[in-house]
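Let's take a walk through this model together, moving from a helix to a sheet and then to a few local details. Keep the viewer open as you read.

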Amino acid sequence: MLVGKTFIDPLEMPFSRRGSYLSLAGANGGSNQFGKAQLWIATSRYGSEAMGGTMSSESPFRQVKVDFCKDGILRNGVIHTTPYELTFECDCGPVNFCIGEYGLMRCRGTSGISLRFTPRPGMFGMGGITDMHNGTFYVRFGSVLLHFVALKGKLGAKGPFLELAPDADGVIDLAMEEYRIEPSIRASYPSYDECVAMVKADFDSFAEKQVKNLPAAYKEYGLKAAWVVWGLTVVPDGVTAYKHRMIKMMRLIFEGAFSWQQGMQAFFLGADPDFAWEILLSAFDIQDKNGRIADSVSPSGSGGTTMKPPIEGLSLLWHIEHFNAASRPREELESLYKGMEGWINFYLNFRDVDKDGIFESQSAGETGWESGTYQALGFPLATPDLNAYLALCEESLAKLGRIIGKDESVNAAWEKKSKDTIQKIIDLFWTDDGWVAMNAITKEKSKPTSLILYCTLILGKRLPQDIIDRSISQIFDCGEYETEFGLATEQVSSPLFSHGWCGGSIATPAEVLIALGLELCGRQDLAKKRAVVYLKNLEKNGLYHIHNTFDGMQEYQTPMFFGERSMFYSGWTAGCYLFFASRYGE
């Protein structure tokens, strides 16, 4: 019996490459076991929302099913992967697939096997196969077309499917290409081997920078993390809305590039400072005239009216202090200054309803922690972590102003504003029992049971030492947050504890901000301890951005979530793995 051997299983993350919206996926919630494995050609060009996916209906991600056929009989197979190729193998032999160019997939087999391609039913149940009457065919492929060109073998339509039969030598060689308009046959196609070489060169160049200097114990899994980040990197192409390279959250379910994740990736991926700098700049591509940075950007444009926490100040300070931001082109520094100033002014103008100099979120989405337990207070909601990020934005603007030669009175004013914000954070949110949130209208305060509120430690030594010491004691002495898999985002005995996102589960951004906050507070030992625990959990249970507090497994395994029965690996978490392994790895 055949057994699939995978670098990364397509059930964990669909097989693709940097800049591509083509994917090869397993069955929704399926298996790679012989007799159960399925292979689908999938598209994430416009994500689940634009393609009609809902929380409960079947995802439209998988568009074309691929089957083996030998002597008129369908055969079972298994899937193997390397970083560069996917192999679908049955007992008669293998067929190899490679996405050589962003919109071009090649397929080759030499064992006399036929392949069947069955498009999922479209409108009125029709499969939508169109004969071009030149030996080629195309199918509806989400919002675009997928063109099938047989380079060796014979391609024909047979009812609801296309079948590619081998030539006299038992060979099949197929090109599948995305088109937004009527397809055409190229004068020539890169060979299969050339496609593999192109992908190999692209990934190896990326991985060399991100994995080379990791401690030896983390290099093997670090290569997988690098592949996830690389595969989720979008590339400006003149058609989509992306103006810089960005990192998407994950295939399909959260197909967009989310702004505060870019802020974290901008220091996660510092092994390549040029790439990290570009990612930092990218968040300001989706800034509106009021200064708000949108929550996310999809291929078709910025989405929604919400936003995420202003983590960009932390990122900019990181670049100033670690990556010599002063050496960047003048026009980029000035553009970043303008964007950061607009971002801070948005909060000053629109997120301080009681005009006390402390900023609030108007919805759960704006907090970045949509299920944080303290949100039971209602909105507008003021929290210490949000204001800590803004204090760092204000400080970063002062430091960037000095780099580009702004008048020192302006720089000093932003510096003072940052210090004033920090003092107000202490005055309003620090209690004898710990950090709390507050409703800006009712002035009601939360209980200090949410770990999220302790992300305020990202201020580091800007906080008084006694508050640092007591905050750390409240996290680690109560026995309510530390687990063998990571830090719970809510005290485990709290009546408000819940599974899911951040009402108690283990969540990537909380792990990052707490570990980095501990380091900045002078507790490198604790930062390292907790980072190593999280690294081990990721290696054991996968690069998912949410894990169960009690067994370490990924959350959202059983419910349908935007049409998927299981989440895929997260670019956010993969970037965190590289950062933690590099900075804290043993």
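What covers the buried residues of H2? The cover includes S7, S8, H3, helix H5 (273-282) and helix H14 (571-584). Before going further, please note that this is a predicted model, in which local features need pLDDT of at least 70, side-chain atom pairs count only at pLDDT 80 or more, and totals for chains, interfaces and linings use all residues. Residues are numbered from 1 along each chain as its sequence is written, and side-chain values use heavy atoms, with hydrogens and water left out.

The element names need a word too: helices (H or I, at least four residues) and strands (E, at least two) are DSSP runs, numbered from the N terminus. H2 has 20 residues and spans 27 Å from its first C-alpha to its last, close to the expected 28 Å; the expected span is 1.5 Å times one less than the number of residues. Its buried residues are Tyr192, Cys195, Val196, Val199, Asp202, Phe203, Phe206, Ala207, Gln210 and Val211. Here buried means under 20% relative accessible area, exposed means over 50%, and partly exposed lies in between (1.4 Å probe, protein chains only). Viewed down the axis of H2, these buried residues fall within an arc of 140°, so they line one face of the helix; the arc is that of the directions from the helix axis to the C-beta atoms. An α-helix has 3.6 residues a turn, so residues three or four places apart point the same way.

Leucine 214 is buried, at a relative accessible area of 5%. Leaving aside residues up to four places away in sequence, leucine 214 touches Lys219, Gly222, Leu578, Ala581 and Ser582, where contact means heavy atoms within 4.5 Å. The C-alpha atoms of leucine 214 and tyrosine 584 are separated by 9.9 Å, although the two are 370 residues apart along the chain.

Now for the sheet. In an open sheet, 8 strands follow the order S5-S6-S7-S8-S15-S12-S11-S10, with antiparallel pairing; two strands pair if DSSP finds at least two bridges between them. Strand S5 (77-81) and strand S10 (129-131) stand at the edges with a single partner strand each, so one side of each has no neighbour in the sheet. Neighbouring strands are turned by 20° against each other on average, direction ignored. H2 packs on this sheet, touching strand S7 (93-101) and strand S8 (104-109), and its direction makes about 60° with that of S7. For these angles, axes are lines fitted to C-alpha atoms, for helices over the stretch in contact, and angles run from 0 to 180 degrees between N-to-C directions.

S5 and S6 pair in the antiparallel sense over 5 bridges, and a hairpin joins S5 to S6 through 4 residues. Histidine 80 stands opposite threonine 87 in S6. Strand S6 (residues 86-90) has 4 of its 5 residues buried, so it is largely enclosed by the rest of the structure. On to S7: a hairpin joins S6 to S7 through 2 residues, and phenylalanine 88 has valine 95 in S7 as its bridge partner.

In the loop between S10 and S11 you will find histidine 133, which has a positive phi near 60° and is exposed, with a relative accessible area of 71%.

Aspartate 71 also has a positive phi, about 55°, although it is not a glycine. Aspartate 71 sits in the loop between strand S3 (62-70) and strand S4 (73-75), and counts as exposed at 66% relative accessibility. For the backbone again, look at the cis peptide bond that joins phenylalanine 379 and proline 380, with omega about 5°. Most residues other than glycine have a negative phi, and most peptide bonds are trans.

Finally, how many disulfides does the structure hold? There are 0, a disulfide being a pair of cysteine sulfur atoms within 2.5 Å. The sulfur of cysteine 195 is 5.4 Å from the closest cysteine sulfur, in cysteine 98, which is too far for a bond. For cysteine 521, the closest cysteine sulfur is 12 Å away, in cysteine 455, again too far for a bond.
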